[in-house]
Amino acid sequence: MVLWWRISSLRRFVRAPINRELSHLYSRDTAPYIITRESVQLTRYHSILRRKTSDAPPDIRRANKNITNLIRNGRLEDARRLFDNLTHRNTVTWNSMISGHVQQREIVKARNLFDEMPQRDVVSWNLMISGYFSCQGNRYLDEGRNLFDEMPERDFISWNTMISGYAKAGKMGEALELFNCMPVKNVVSWNAVISGFLRNRDVKTAVEYFKRMPERDSASLGVLVSGLIQNEELNEAENLLYEFGESSDGKEDMVHAYNTLIAGYGQKGRVADARRLFDKVPSCSGQGISRKKRFERNVISWNSMIMAYIKAGDVVSARELFDQMTERDTFSWNTMVSGYVHASNMNEASDLFSKMPNPDVLSWNSIISGYAQTGKLELARDYFERMPHKNRVSWNSMISGCETNADYEGAIKLFREMQQAGEKPDRHTLSSLLSVCAETVALFLGVQIHQLVTKTVIPDIPLNNSLITMYARCGAIHEARTIFEKMKFHKDVISWNAMVGGYASHGFAFEALELFELMKCLNVRPTRITFISVLNACAHAGLVEQGRLYFKSMDSEFGIKPEVEHFASLVDIVGRDGQLEEAMEVINTMPVEPDKAVWGALLGACRVHNNVELARIAAEALMRLEPESSGPYVLLYNMYADAGRWDDANEIRMLMETNNIRKEPAYSRVGSTSS
């Protein structure tokens with residue numbers, strides 16, 4: 001769980017760039033270094049930037065603003081086109097364009113612009129350094145260091161970017177070298193070093209440096225507490241919170257550190273500890289402002305505690321706390337609504353949603369997803385239609401809901417509406433659509449979705465797995481294997497299961513078993529799903545002894561307890577081989593209750609080997625499990641008829657009439673959603 005409180009707390013001490021044109025110039029890695037309690041030098045630096053912006057001619061200011069807006073809206077190519085067509089630029093223009101390339105990790109393009117700049121300021125150098133340190137690899141770190149060494153003038157941001165960048169790369173030696181050489185350290189420099197030690201799991205040194213800090217700001221204790229949480233040192237975090245919290249002058253800022261630890265306890269499932277800490281933070285008494293009173297619960301304190309209860313599944317306690325809140329924000333409402341959704345209590349979720357003063361897109365998506373997950377697609381669609389502003393998640397929730405509830409035509413229809421609305425699909429959209437194609441055996445549509453995957457996204461492992469499953473289910477085994485091979489070493493067990501299962505279900509038993517053996521050689525641990533496919537392959541290939549060995553190896557070699565599906569496959573294996581008595585013995589000694597698949601396998605084997613007596617036992621068991629199904633009646637009737645036992649056959653026919661059983665007509669879904 002992300003410690004979301006950090007965003008709001010950062011806003012209390014991060015100084016925003018002076019002009020809107022400059023607001024995007026610093027990446028998320030460098031922005032926290034522009035703090036409120038800066039030196040006179042940084043104040044002077046900001047005044048220079050302000051003067052540079054305001055002194056620019058109107059046409060340049062207008063062009064800079066347009067470039068900035070294009071970059072903010074993700075239109076980097078359009079921004080670059082505008083930049084290239086300008087006849088007059090100033091330093092802010094160049095910095096804006098460099099920043100756009102840095103944000104997209106286009107470091108080569110950023111460096112080319114940097115090298116072409118007629119004049120550079122400290123922002124230009126800092127942008128390039130932050131860009132190099134945002135990329136992975138020693139080569140980029142070295143380039144960043146070379147630029148730092150060449151800088152004609154450095155500011156706090158330059159030093160802190162380097163220190164933080166080395167720390168994030170695990171190079172604490174280099175980070176400390178720069179920290180010790182820094183002519184004047186500020187509180188952000190100390191925070192960066194401490195955060196680096198914590199990131200590299202050196203808790204002891206982090207605490208030592210924290211104790212050595214000449215001064216601390218509102219973030220210092222929060223940085224330490226957050227890092228200790230990440231290092232599973234929650235008790236140490238609480239001890240330090242008490243030790244240094246009591247001596248803190250900024251009581252109003254202490255609550256952020258407490259909120260961090262409350263959220264940390266909730267994240268680790270220690271709800272009682274979270275509540276104990278929450279109760280230590282005083283509530284607003286409504287009396288006059290005093291120094292001590294400034295340390296009190298805020299809305300984030302309440303939200304953190306409610307989230308802890310929700311994560312633990314204690315919706316009742318969460319609601320009690322929610323009802324006690326004197327001030328709520330949208331996050332408070334959304335947390336409570338999502339808690340009811342996860343508990344499948346849609347009545348309470350919708351009731352609370354209806355009382356929300358300002359539901360946002362997350363609120364709507366939560367309700368839509370909840371109704372879709374519980375199979376109430378009409379209600380989900382009703383909320384979806386009433387939603388004032390839909391986003392991609394809204395469409396995905398509806399499409400996924402239709403797919404999960406077997407409304408395959410509805411899923412395809414929604415996708416077409418999504419395209420008409422101008423919303424681009426992502427991996428989640430495409431994965432749901434591929435599942436629809438797999439379930440409906442719609443190969444033509446599946447190929448179209450695959451083409452869309454190629455054009456719109458870079459497939460990750462889950463999406464490639466969906467492609468393999470789709471092609472395998474549709475019988476296009478060669479295409480499935482091609483994608484499987486292209487994944488190379490980026491496969492997970494689901495990839496292997498999809499491919500093994502595809503081979504097994506289409507009669508390629510030996511290919512399935514060969515892939516399974518390769519899977520074991522590569523130390524990919526099989527799952528219960530793997531063995532279902534493997535045992536089915538053995539059944540189709542008539543590999544009785546091999547099937548027995550694989551079945552035994554589940555528990556003995558991999559610690560997987562056979563479930564009813566595996567027993568059904570074993571019954572199928574020995575039954576197909578004519579060993580019906582052994583199949584019956586397997587059923588009688590099963591540790592779980594046999595289901596329709598088990599009895600169906602026995603009944604099918606009895607049909608092949610003409611064992612009417614055991615067939616009757618299997619058929620009667622199926623009649624009890626599926627009293628409305630005509631299958632066992634029809635199969636048993638045909639067996640009696642083939643054996644010339646017409647009295648018994650007529651008895652079955654009369655039984656069907658007595659139980660009002662009608663023979664089910666056959667149908668096919670192949671190609672039903674292919675257009």
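What span should the 13 residues of helix α11 cover, and how far apart are its end C-alpha atoms? I worked this out before anything else. At 1.5 Å a residue, α11 (residues 187-199) should span 18 Å. The end C-alpha atoms are 18 Å apart, so expectation and model agree. I note here that the model is predicted.

**Overall view**

I counted secondary structure next. The protein has 38 helices and 0 strands. Of its 675 residues, 51% are buried. I also looked at contacts between residues at least 6 apart in sequence. Of these, 60% join residues at least 24 apart.

I went back to α11 to check burial. The helix is mostly covered, with 11 of its 13 residues buried. I listed them: V187, V188, S189, W190, N191, A192, V193, I194, G196, F197 and L198. Which helices are included in what covers them? I found α9 (156-168), α10 (172-181), α12 (203-212) and α13 (220-230) among the covering elements. After α11 comes R201. Its phi is positive, near 65 degrees.

**The α29 and α30 pair**

I picked one helix pair for its packing geometry. Two packed helices are described by the angle between their axes and the distance between the axes. Helix α29 (residues 493-505) packs on helix α30 (residues 509-521) at about 160 degrees. Their axes are 7 Å apart. Are the two helices roughly parallel or roughly antiparallel? Angles over 145 degrees count as roughly antiparallel, so α29 and α30 are roughly antiparallel to each other. The crossing is left-handed.

I listed both sides of the contact. From α29 come V493, W496, N497, M499, V500, Y503 and A504. From α30 come A509, E511, A512, L515, F516, L518 and M519.

**Two single residues**

I looked up E565 in helix α33 (residues 564-576). At 32% relative accessibility, E565 counts as partly exposed. Leaving aside neighbours within four places in sequence, E565 is in contact with R528 and I532. I also took the C-alpha separation of E565 and F531, which is 9.5 Å. These two are 34 residues apart along the chain.

Last, I checked N660. This residue sits in the segment after α38 (646-658). Why does N660 count as exposed? Its relative accessibility is 54%, and exposed means over 50%. N660 and S630 are 30 residues apart in sequence. Their C-alpha atoms are 9.8 Å apart in space.

Key. Residues are numbered from 1 along each chain as its sequence is written. This is a predicted model: local features need pLDDT of at least 70, side-chain atom pairs count only at pLDDT 80 or more; totals for chains, interfaces and linings use all residues. Side-chain values use heavy atoms; hydrogens and water are left out. Helices (H or I, at least four residues) and strands (E, at least two) are DSSP runs, numbered from the N terminus. Buried means under 20% relative accessible area, exposed over 50%, partly exposed in between (1.4 Å probe, protein chains only). Contact means heavy atoms within 4.5 Å. The expected span of a helix is 1.5 Å times one less than its number of residues. Axes are lines fitted to C-alpha atoms, for helices over the stretch in contact, and angles run from 0 to 180 degrees between N-to-C directions. Angles under 35 degrees count as roughly parallel, over 145 as roughly antiparallel, 65 to 115 as roughly perpendicular and the rest as oblique. A crossing is left-handed if the near helix is turned anticlockwise from the far one by less than a right angle, and right-handed if clockwise.
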